[in-house]
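Hi,

Here is the structure I promised to pass on. Have a look at it first, and then read on for what turned up.

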Amino acid sequence: MPRLPSSCCPRCTLPTLDGGLCGGCLADPPHFDASYAALRYAGDAAHLIVAAKYAGRWPLWRAFAGLLASRLPETPDIDVIIPMPLHPRRLRERGFNQSAELAAMLARRRGLPLRYDLATRIRDTGQQSRLSLSERRHNLRGAFAANAAVRDLRIAVVDDVMTSGLTLDTLAITLKRAGAARIEAWVLARTL
């Protein structure tokens, strides 16, 4: 499985020489405060994630959760875990939310509460992976809503893959506007 290098930006998990902030995060930091990723989204990791997501390979999610848990701090400074929300139509089509599968396993492993009601996807944005960066940014406008109960919470948002980081950033903006204190992105794989 392709792993990320040990020296990564603590904000976006892109490789850096010394483990400090990358140039992108220094110039234009995302609205999430930190991120953790287990794998590089390439090769076997990409094939297995696609198989788990679209071909119903359920046992893989347990292994993926273990890989991600091994990259997280021993005692995360988090109050609650939430999965990246899927639009209800996408959830009906797929039959499950892969981020919710990961989030549930991580919540059990870490003894942290899991909440599905703190954020919702109110607009179906389709598959972001097929869009350019500017198209993604435009497509994500107004995609999420946050519950007022996020006020002062330190939240870990769990997602399967971080590509550009725009989806996580857009959700972080929504959560922080509703009063969340801190947002961490916990992702299975990161596209480099």
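Predicted model: local features only at pLDDT ≥ 70, side-chain atom pairs only at ≥ 80, totals over all residues.

**L68 and its surroundings**

With a relative accessibility of 0%, L68 counts as buried, because the cut-off for that word is under 20%. Which residues does L68 touch, once neighbours within four places in sequence are left aside? The list is Y36, A37, A38, L106, W186, V187 and L188.

**The rest of α3**

The structure holds one aromatic pair, and W61 and F64 form it in an edge-to-face arrangement, with 5.4 Å centre to centre and 75° between the planes. Both residues lie in α3, which covers residues 59-71, and they are three residues apart, about one turn of the helix.

**How the helices pack on α3**

Take α2 (residues 43-54) to begin with. The axes of α2 and α3 are 9 Å apart, and the two helices pack at an angle of about 130°. That angle is why α2 and α3 are called oblique to each other. The crossing in which α2 passes α3 is left-handed. On the α2 side the contact is made by L48, I49, A52 and K53, and on the α3 side by L60, W61 and F64. So the contact with α2 takes in W61 and F64, the residues of the aromatic pair.

Then there is α5. Here the packing angle is about 55°, with the axes of α3 and α5 9 Å apart. These two helices are therefore oblique to each other as well, but the crossing of α3 and α5 is right-handed. What makes the contact? From α3 come W61, R62, F64, A65, G66, L68 and A69, and from α5 come Q98, E101, L102, M105, L106, R109 and R110. L68 is in that list, and L106 is one of the residues it was already said to touch.

**The sheet**

Now for the strands. Four of them form an open sheet in the order β1-β6-β5-β2, with parallel pairing. β1 (34-40) and β2 are the edge strands, each pairing on one side only. On average, neighbouring strands in this sheet are turned by 20° against each other, direction ignored.

Going through the pairings, β5 and β6 (residues 182-190) run parallel and are joined over eight bridges, with V161 opposite A189 in β6. β5 (residues 154-162) is also joined to β2 by four bridges, again in parallel, and I81 stands opposite A156 in β5.

Which way do the residues of β2 point? From this strand (residues 80-83), V80 and I82 point one way and I81 and P83 the other, and all are buried.

**One more residue**

Finally, a look at D169, which is placed in helix α7 (residues 166-177). Is D169 buried or exposed? D169 is buried, because its relative accessible area is 13% and the limit is under 20%. Not counting residues up to four places away in sequence, D169 touches P30, H31 and F32. L118, by contrast, is 16 Å from D169, C-alpha to C-alpha, and 51 residues from it in sequence.

Over to you!

Definitions and conventions: Residues numbered from 1 in each chain as written. Heavy atoms only, no water. Buried < 20%, exposed > 50% of the residue type's maximum accessible area, 1.4 Å probe, protein only. Contact = heavy atoms within 4.5 Å. Pairing = 2+ DSSP bridges. Phe/Tyr/Trp six-rings, centres within 6.5 Å; stacked < 30°, edge-to-face > 60°. Axes fitted to C-alpha atoms, helices over the stretch in contact; angles between N-to-C directions. Parallel < 35°, antiparallel > 145°, perpendicular 65-115°, else oblique. Left-handed = near helix turned anticlockwise from the far one by under 90°.
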